[in-house]
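Subject: A structure for you to explore

Hi there,

Here is the structure I promised to pass on to you.

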Amino acid sequence: MVESINTKVDLVIDATAFTGLTDYGKIMIGDKGFEFYNARDARKFIQIPWEEVNHVIASVMFKGKWIPRYAIETKKNGTYTFSSKKPKTVLRAMREYVDPADMIQSLSFFDVMKRAVKSISWKKKK
């Protein structure tokens, strides 16, 4: 069994981690960090201390009505993407420990397309 890094737990909720294949389990948010535990395999877990979190990136759709997934960008180990039952509750619990300025929205589909068109036109000018 894996030992938790948290001493006090604020939230435990069902979630999905997108790490290559999808892993189903539970997210635990506490005073020391963010944790994901796989429901079937105890060896598959993710523990991220709050000091290691660089940004929390939320994919926001329909003007904030729906948040399909969110990602945690760490300082050393890359980005981890998650989805949960109540994403707004999870993000509010994370806001207690992560600076709200470090919680950002991901680009929308149209913003990505706009950047691509600008990039192509900029390359043609050179």
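**What I found**

Strands here (E, at least two residues) and helices (H or I, at least four residues) are DSSP runs, numbered from the N terminus. A word on the source: this is a predicted model, in which local features need pLDDT of at least 70 and side-chain atom pairs count only at pLDDT 80 or more, while totals for chains, interfaces and linings use all residues. Residues are numbered from 1 along each chain as its sequence is written, and side-chain values use heavy atoms, leaving out hydrogens and water.

Is Ser83 buried or exposed? Ser83 counts as buried because its relative accessibility is 17%; buried means under 20% relative accessible area, exposed over 50%, and partly exposed in between (1.4 Å probe, protein chains only). Leaving aside residues up to four places away in sequence, Ser83 touches Ala15, Thr16, Phe18, Pro68, Arg69 and Tyr70, where contact means heavy atoms within 4.5 Å.

Eight strands form an open sheet in the order 4-3-2-1-7-6-5-8, with mixed pairing; two strands pair if DSSP finds at least two bridges between them. Strand 4 (45–49) and strand 8 (103–105) stand at the edges with a single partner strand each, so one side of each has no neighbour in the sheet. On average, neighbouring strands of this sheet are turned by 30° against each other, direction ignored. Axes are lines fitted to C-alpha atoms (for helices over the stretch in contact), and angles run from 0 to 180 degrees between N-to-C directions.

Here are some of the pairings:

- Strand 1 and strand 2 are antiparallel over ten bridges, with Ile13 opposite Ile27 in strand 2. Their hairpin has one residue between the strands, and Gly20 in the turn has a positive phi of about 75°.
- Strand 2 and strand 3 are antiparallel over five bridges, and a hairpin joins them through two residues. Met28 stands opposite Glu35 in strand 3.
- Strand 5 (residues 53–61) and strand 6 (residues 66–74) are antiparallel over seven bridges, and Met61 stands opposite Trp66 in strand 6.

Enjoy exploring!

Best wishes
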